[in-house]
Amino acid sequence: MKKIVLTLVALLSMTAAMAENEKTEAVNYIQAYDMNINMNSLAQALGLSFDQQDVVEDINRTFNAELKNAAVASNADERKALFDKAVAKDLKSLRTVLSDYQYRRYVMLLNVTLSNRGVR
């Protein structure tokens, strides 16, 4: 009886440790994929007009929502696919709004940000 109880306690302890690891991993993805940025700083860095700033803010809001969906994806392949799709859609949308100089600068800032977060 004592062996059964000890085995059960060990099994429950291992299960709890694995569940904690999964929870921590999910939180790390959510934090890394959170792209809330200061729009005033971005507008200043890119030299956006007021009209451009409004449109870029809307596009960024959509981008952030899509990245949050990617962060909670069930497996790594699905997460990567959703992430790549969100980035491609963001860049395509911004390409129509920004000038060539602004777009190149935005791509540079996005790449640096994603690299710093360890996403790319």
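Contact means that heavy atoms lie within 4.5 Å. The model is predicted: local features need pLDDT of at least 70, side-chain atom pairs count only at pLDDT 80 or more, and totals for chains, interfaces and linings use all residues. Residues are numbered from 1 along each chain as its sequence is written, and side-chain values use heavy atoms, with hydrogens and water left out.

**Exercise 1. Describe the protein as a whole: its secondary structure, its contacts and its burial.**

Step 1. Helices (H or I, at least four residues) and strands (E, at least two) are DSSP runs, numbered from the N terminus. The protein has five helices and zero strands, and along the sequence the pattern reads α-α-α-α-α.

Step 2. Take the contacts between residues at least 6 apart in sequence: 63% of them join residues at least 24 apart.

Step 3. A residue is buried under 20% relative accessible area, exposed over 50%, and partly exposed in between (1.4 Å probe, protein chains only). Of the 120 residues, 28% count as buried.

**Exercise 2. Check the span of helix H3 and find where its buried residues lie.**

Step 1. The expected span of a helix is 1.5 Å times one less than its number of residues. H3 covers residues 50-71, so its 22 residues should span 32 Å; the end C-alpha atoms are 31 Å apart, which agrees.

Step 2. The buried residues of H3 are Gln52, Gln53, Val56, Ile59, Asn60, Phe63, Asn64, Leu67, Ala70 and Ala71. They lie on the same side of H3, because their arc around the axis is only 150°. The arc is that of the directions from the helix axis to the C-beta atoms.

Step 3. Asp51 and Arg61 are exposed, on the face of H3 turned away from the buried side.

Step 4. Leaving out residues up to four places away in sequence, Gln53 touches Met39, Asn40, Ala43 and Leu48.

**Exercise 3. How do the axes of H3 and H4 lie relative to each other?**

Step 1. Two packed helices are described by the angle between their axes and the distance between the axes. Axes are lines fitted to C-alpha atoms, for helices over the stretch in contact, and angles run from 0 to 180 degrees between N-to-C directions.

Step 2. The axes of H3 and H4 come within 8 Å and cross at roughly 175°. This makes H3 roughly antiparallel to H4, a term for angles over 145 degrees.

Step 3. Residues that make the contact include Val56, Ile59 and Phe63 of H3 and Leu82, Phe83 and Val87 of H4.

**Exercise 4. Which residues of H2 and H5 are buried, and what do they pack against?**

Step 1. In helix H2 (residues 39-46), the buried residues are Met39, Leu42, Ala43 and Leu46. They fall within an arc of 100° seen down the axis, so they line one face of H2. Asn40 and Gln44 are exposed on the face turned away from it. The cover over the buried residues of H2 includes H3 and helix H5 (100-116).

Step 2. In H5, the buried residues are Gln102, Tyr103, Tyr106, Leu110 and Leu114. Their arc is only 95°, so they lie on the same side of H5. Arg104 and Asn116 are exposed on the other side.

Step 3. The buried residues of H5 pack against H2, H3 and H4.

Notes. Parallel < 35°, antiparallel > 145°, perpendicular 65-115°, else oblique.
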